[in-house]
Amino acid sequence: MMMQVDVVVIGAGAAGLMCAAQAGYRGRSVLLLDNAKKPGRKILISGGGRCNFTNHQAGPHAFLSGNPHFCKSALARYTQQDFIDLVDRHGVNYHEKTLGQLFCDESAKEIVEALLTECEWAGVTQQYQTEVLAVSKGDDGFLLDTSKGEIRCHSLVVATGGLSMPKLGATPYGFKLAEQFGLQVLPTRAGLVPFTLHQAEKDAFADLAGVSLPVVVTAEDGTSFKEAMLFTHRGLSGPAILQISSFWLPGQKIHINLLPDLDIPAAIKGWAEAHPAQELKTVLGRELPKRFVDKLVELGQLVNKPMRQYNERELAAIANLLRDWPILPNGTEGYRTAEVTLGGVDTNELSSKTMEARKVTGLYFIGEVVDVTGWLGGYNFQWAWSSGWVAGQYC
Ligand code: FAD
């Protein structure tokens, strides 16, 4: 039997759940469908199972997009405070970790449950394990041929997310649908993702796996982040590296300040005067993980001797290395471990006020499928909530 609804939302992730509830509250009949068994799988695993659901500092500055202005309207109309209010209404306890990042005290499940409750209150029908086989558009809306039968709808919202974590069911479906309707899709690549190293560096740093240190890391375009860097068995990770990966292109170096809180030349001069008999390794070992200092010496990047034996030129060279330790990544771990997908449906194709496709009435794109990607720290969920909420007011 043919099903007829006002709105079909494809994708019961963060953006789709928010949008479906909002459209339902407007009195629209809404069908939320997903090819997975359950909703919100990425929410469930996010933030180490505690979901970093937004950030106090969320704002357009924290997003990458071909058009940096595009996200402004949605972020202003449904803010982090609006989502915090929703979380409060559902009695979810949370805390601020660092840098404005809000995490659930207990479990990410509570965020999914809150959104499912909203959908229930709004009268949204949900259908899982449903494949959309074909979509066509007529004068009065869309016809969807699905693995569970045909569905007609006036508005179609695409909330199928990005390509990261294919194990969790990520598909390029949203991009394909955009192309089917003649919308431009910008090239995609993995973001918020660890770096792999060339074999020589990989071997050299393998025994540092687990060592973490605070750094400032800078990309070739000048973007920089001050957070922790972590050595892994495969290369480099940690928040600083995930952040900068979104600004990195193959073949480029990243530049790492290993002592970001110090005026390094002045500090080295001070150490040389205060501890002339101590070796560089000993002095630096008070500021940096000892295993890392040993490694820099082992690799010949630092020459170890008593501080009094360095001349001015040598001290300046040490300062330069510590201030700008260059790394040439081999690549990234790709979509397998990436938190997000950069690129996607070109924002020039969409109205920033409604998220509707400019050239296809009734077709909306929200969340990660759109070329708007946040920094690490709850920004990507905020984009999902904001873009989903906005589309929910119009679809
Ligand atoms: P998704 O949440 O990915 O939802 C897309 C939905 O569409 C899924 O349910 C999927 O099953 C469905 N779907 C896909 N293809 C089809 C199809 N062909 N037919 C039907 N349904 C389909 N962001 C943060 O802000 N904070 C965090 O703490 C955080 N942690 C993360 C941790 C990990 C490991 C990962 C991978 C990501 C994390 N992110 C985090 C990013 C965040 O999860 C995403 O940006 C966000 O989920 C995007 O929301 P979305 O609704 O656009 O897509």
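Me: At about what angle does helix H12 run to strand S16?

Reply: Helices (H or I, at least four residues) and strands (E, at least two) are DSSP runs, numbered from the N terminus. Axes are lines fitted to C-alpha atoms, for helices over the stretch in contact, and angles run from 0 to 180 degrees between N-to-C directions; contact means heavy atoms within 4.5 Å. Here, helix H12, residues 312–323, runs at about 115 degrees to strand S16, residues 254–257, and lies across S16 and S17. The model is predicted: local features need pLDDT of at least 70, side-chain atom pairs count only at pLDDT 80 or more, and totals for chains, interfaces and linings use all residues. Residues are numbered from 1 along each chain as its sequence is written, and side-chain values use heavy atoms, with hydrogens and water left out.

Me: In what order do the strands of the open sheet stand?

Reply: Two strands pair if DSSP finds at least two bridges between them. In this model, 7 strands form an open sheet with antiparallel pairing, in the order S17-S16-S13-S14-S15-S12-S18. Strand S17 (325–327) and strand S18 (331–332) each have a single partner strand, so one side of each is left without a neighbour in the sheet.

Me: Which residue in S18 is the bridge partner of Phe195?

Reply: Thr332 is that partner. The strands concerned, S12 (residues 195–196) and S18, pair in the antiparallel sense over 2 bridges.

Me: How many bridges join strand S13 to strand S14?

Reply: There are 7 bridges between S13 (residues 212–218) and S14 (residues 224–231), and these strands run antiparallel. Val215, for instance, has Glu227 in S14 as its bridge partner. The hairpin of S13 and S14 has 5 residues between the strands, and Gly222 there takes a positive phi near 95 degrees. A further hairpin leads from S14 to S15 through 3 residues. S14 and S15 (residues 235–237) run antiparallel with 2 bridges, and Phe231 stands opposite Leu236 in S15.

Me: Does strand S10 run parallel or antiparallel to strand S1?

Reply: S1 (residues 3–10) and S10 (residues 149–158) run parallel, joined by 7 bridges; Val8 stands opposite Leu156 in S10. By contrast, S9 (residues 141–146) and S10 run antiparallel, with 5 bridges, and a hairpin of 2 residues joins them. There, Asp145 stands opposite Glu150. S10 is also joined by 3 bridges to S20 (residues 363–365), in the parallel sense, with Val158 opposite Phe365.

Me: How many residues surround the ligand, and which are the closest?

Reply: A residue is near a molecule if one of its heavy atoms lies within 4 Å of it. For this ligand 31 residues do so, the closest being Ala15, Asp34, Thr171, Glu368 and Phe381. By class, the shell has 13 nonpolar, 13 polar and 5 charged residues. Ala, Val, Leu, Ile, Met, Phe, Trp, Tyr, Cys and Pro count as nonpolar, Asp, Glu, Lys and Arg as charged, and the others, Gly among them, as polar.

Me: Which backbone atom lies 2.8 Å from an oxygen atom of the ligand?

Reply: A backbone N or O atom of Phe381 lies at that distance. For Gly47, a polar backbone atom is 3.3 Å from a ligand oxygen. Helices H1 (14–25), H2 (41–45) and H13 (379–392) are the elements that give two or more residues to the shell, and H13 gives the most, with 4 residues.

Technical notes. Polar contact = N/O pair within 3.5 Å; in protein donor to acceptor, adjacent residues only side chain to side chain.
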